[in-house]
Amino acid sequence: MFGAVFFLEQRYGCMRLRNIEITPTSSVSDSVVWRAVPKEAETFWPALLLRGRRFTRMIENFYPVRLTVRLTGWGRYRVTVEPLDVFLSVSWNKNMWLLSANGRMWLAKLQANSKVRGIAIPQRPILAWDAGLPLPIDPENQRGDIYPSSLPMTRIRKWYDALEEMGWNDKIYCLRAKKIDGRPVVQILLGSDAGITGELIVKDDPKDWASFAAAFEEIYPGLGGIPSGLVVNATFAGMRFTTFVDMKRTVTSMDVR
């Protein structure tokens with residue numbers, strides 16, 4: 001019986017891998033997927049199911065994509081390749097990185113980026129992650145060029161949701177997460193690539209950001225006319241924001257009633 005099965009396989013190749021359909025067809029080149037197929041799967045197609053996780057990791061660890069594999073027939077598979085949804089750009093360790101919505105990080109200059117179509121960089125201010133903070137990637141679980149991120153995604157999302165509510169997104173060059181005197185803070189750098197116009201230091205909990213923004217705009221409507229080098233430290237305990245006075249000089253604390 002086994003001899004008959006072996007003969008049929010050698011004669012007709014009934015257990016060989018028939019086809020892999022890649023969708024969408026414009027996501028990556030076929031060669032990227034086929035190079036990751038286990039050798040044994042070429043002659044014994046169920047091996048791709050048995051080693052499915054290894055197959056997806058071979059691609060997801062080196063390309064900014066998410067893979068799903070589904071059996072569609074005898075020896076036939078459908079592989080869906082979706083580019084990772086980029087949440088924002090992160091400046092860290094003298095390099096620019098991309099951070100996905102599902103918590104993956106990779107270098108913005110990674111060559112594999114050019115081989116994945118559909119990656120879109122959102123128009124959000126850059127996040128600068130200070131060297132004095134915990135590593136934003138998890139090197140122990142890294143198996144390629146795409147790293148699991150250890151950034152506090154929930155907190156970071158709140159920062160950017162607060163900026164959206166304040167309507168300041170297009171006025172900010174970047175957010176810098178750091179510590180001052182051992183306390184986590186966020187520096188809001190106003191301006192653009194052409195130059196920084198001002199620096200606002202706020203708590204890393206954004207619950208008071210909206211009231212701070214409203215008070216700041218009492219003096220500088222639409223963030224216009226900010227004097228060069230202005231620094232506002234709004235991290236002191238018990239601070240309330242209602243208006244500003246004497247804004248012709250650098251402000252280091254505010255408790256205006």
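**Notes on the salt bridges and the sheet**

1. To start with a pair worth a look: E60 and R53 form a salt bridge, with their closest N and O atoms 3.7 Å apart. Please keep in mind that this is a predicted model. E60 counts as buried, at 9% relative accessibility, whereas R53, at 49%, counts as partly exposed. The cut-off for buried is under 20%.

2. A search of the whole structure finds five salt bridges. Another one of them joins R78 and E21, whose side chains meet at 3.2 Å, N to O. R78 sits in strand β3 and E21 in strand β1, so this pair ties together parts that are 57 residues apart in sequence. R78 counts as partly exposed at 25% relative accessibility, and E21 is also partly exposed, at 34%.

3. R51 and E40 form a salt bridge too, their closest N and O atoms lying 2.9 Å apart. This pair links distant parts of the chain, 11 residues apart: R51 is in the loop between α4 (46-50) and α5, and E40 is in helix α3 (residues 39-43). Relative accessibility is 36% for R51, which is partly exposed, and 31% for E40, likewise partly exposed.

4. Now to the sheet: three strands form an open sheet of mixed pairing, in the order β1-β3-β2. Because β1 (19-23) and β2 (65-73) stand at the edges with a single partner strand each, one side of each is left without a neighbour in the sheet. From one strand to the next, the twist averages 20 degrees.

5. β1 pairs with β3 (residues 76-83) in the parallel sense, over five bridges. T23 has T80 in β3 as its bridge partner. Helix α5 (residues 52-60) packs on the sheet and touches β2 and β3, its direction making about 145 degrees with that of β2.

Conventions. Residues are numbered from 1 along each chain as its sequence is written. This is a predicted model: local features need pLDDT of at least 70, side-chain atom pairs count only at pLDDT 80 or more; totals for chains, interfaces and linings use all residues. Side-chain values use heavy atoms; hydrogens and water are left out. Two strands pair if DSSP finds at least two bridges between them. Helices (H or I, at least four residues) and strands (E, at least two) are DSSP runs, numbered from the N terminus. Axes are lines fitted to C-alpha atoms, for helices over the stretch in contact, and angles run from 0 to 180 degrees between N-to-C directions. Contact means heavy atoms within 4.5 Å. A salt bridge is a side-chain nitrogen of Lys or Arg within 4 Å of a carboxyl oxygen of Asp or Glu. Buried means under 20% relative accessible area, exposed over 50%, partly exposed in between (1.4 Å probe, protein chains only).
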